[in-house]
Amino acid sequence: MVKADCLGCKGCCDCCKGMGKSIVLDPYDAWRLSRGLGVPFAALIDQYVELSVVDGIILPNLLMKGETEQCGFLNPEGRCQIHNFRPGICRLFPLGRIYEEDGFSYFLQVHECIRPHAKIKVEKWVDIPNYSQYEKFVLDWHTYLNAIQDELLRMTEEEQKMTCIQLLKRFYLMPYETEDFYSEYYGRK
Ligand code: SF4
Ligand code: SF4
């Protein structure tokens, strides 16, 4: 149980604005966005998503746009237009993850969301099907990125560029073809 439930946010959309490049998308997010919107993930780049370098690896993040620096999925009423399939970081907020050697734990970002919170189970708050499988994937993806970062350190600049482009293509740009994300993801590793 965590005190993370913002009780419907009640008109607030603070965490959908001014988030810089911090809402980084993982392959599961890419799969869900693509299926939810009915377009290839690549079609979202530049309009809703941008590519940024995160610890040496090129990864997609939600693009904050305009003077108000807000997410392109936020509607004029300040509500998320893709609530049902919004990315994992949006679902988790105001919780964060601390990665340890063989797992991770959750923590509450107490200064990031100042609304009153009620207690809720993490699984219910994040609200993603097959939660234990999802957590296994989250850890696997984090571990995989760490391994790639180590490999990049031993590469030339040209090899690093090629590796980053291949990773983007393999896990984000190459369309996922089935409902079974996890089989496709593990098949691509
Ligand atoms: S800052 Fe808190 S209350 Fe506001 S939208 Fe984000 S999670 Fe909801
Ligand atoms: S996807 Fe939805 S919840 Fe996430 S930042 Fe954009 S508008 Fe907010």
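Me: Which helix does L152 lie in?
Reply: L152 lies in helix α4, helices being DSSP runs of H or I with at least four residues and strands runs of E with at least two, numbered from the N terminus. This is a predicted model, in which local features need pLDDT of at least 70, side-chain atom pairs count only at pLDDT 80 or more, and totals for chains, interfaces and linings use all residues. Residues are numbered from 1 along each chain as its sequence is written, while chains are lettered from A and ligands numbered from 1 in the order in which they are written.

Me: Is L152 buried or exposed, or in between?
Reply: L152 is partly exposed, because 17 other C-beta atoms lie within 10 Å. A residue is buried with 20 or more such atoms within 10 Å of its own C-beta, exposed with 12 or fewer, and partly exposed in between, the C-beta atoms being placed from the backbone.

Me: What does L152 touch?
Reply: Not counting residues up to four places away in sequence, L152 touches G56, Q160 and T163; contact requires C-beta atoms, placed from the backbone, within 7 Å. L152 and I57 are 95 residues apart in sequence, and their C-alpha atoms are 8.6 Å apart in space.

Me: How many helices and strands are there in the chain?
Reply: There are six helices and eight strands. Along the sequence, they follow the pattern β-α-β-β-β-β-α-β-β-β-α-α-α-α.

Me: Which strands does β2 join, and how many bridges are there?
Reply: Strand β2 (residues 49-54) is joined to strand β3 (residues 57-62) by six bridges, and the two run antiparallel; strands pair if DSSP finds at least two bridges between them. E50 stands opposite N61 in β3. The hairpin of β2 and β3 has two residues between the strands, and D55 takes a positive phi near 50° there.

Me: And how do β6 and β7 run?
Reply: Strands β6 (residues 95-100) and β7 (residues 103-108) run antiparallel, with six bridges. L95 has L108 in β7 as its bridge partner, and the hairpin of β6 and β7 has two residues between them.

Me: Changing topic, what is in the largest nonpolar core?
Reply: The largest nonpolar core has 23 residues, and those with the most contacts inside it are A30, F41, V49, L62, C71 and Y172. Such a core is a set of buried Ala, Val, Leu, Ile, Met, Phe, Trp, Tyr and Cys residues joined through C-beta atoms within 7 Å. The elements giving two or more residues to this core are α1 (27-37) and α5 (157-173), and α1 gives the most, with four residues.

Me: What is buried in α1?
Reply: The buried residues in α1 are P27, Y28, D29, A30, W31, R32 and L33. The buried residues of α1 pack against α2 (88-92), α4 (131-153), α5 and α6 (181-188).

Me: Which residues are around ligand 1?
Reply: They are C6, C9, C12, C13, D14, C15, F93, P94, C113 and R115, where a residue counts as near if its C-beta atom, placed from the backbone, lies within 6 Å of the molecule. This shell divides into eight nonpolar, no polar and two charged residues. Ala, Val, Leu, Ile, Met, Phe, Trp, Tyr, Cys and Pro count as nonpolar, Asp, Glu, Lys and Arg as charged, and the others, Gly among them, as polar.

Me: What about the classes around ligand 2?
Reply: The shell around ligand 2 has 10 nonpolar, no polar and one charged residues. Among the residues around ligand 2 are C16, L62, C71, R86 and C90.

Technical notes: Contact = placed C-beta atoms within 7 Å.
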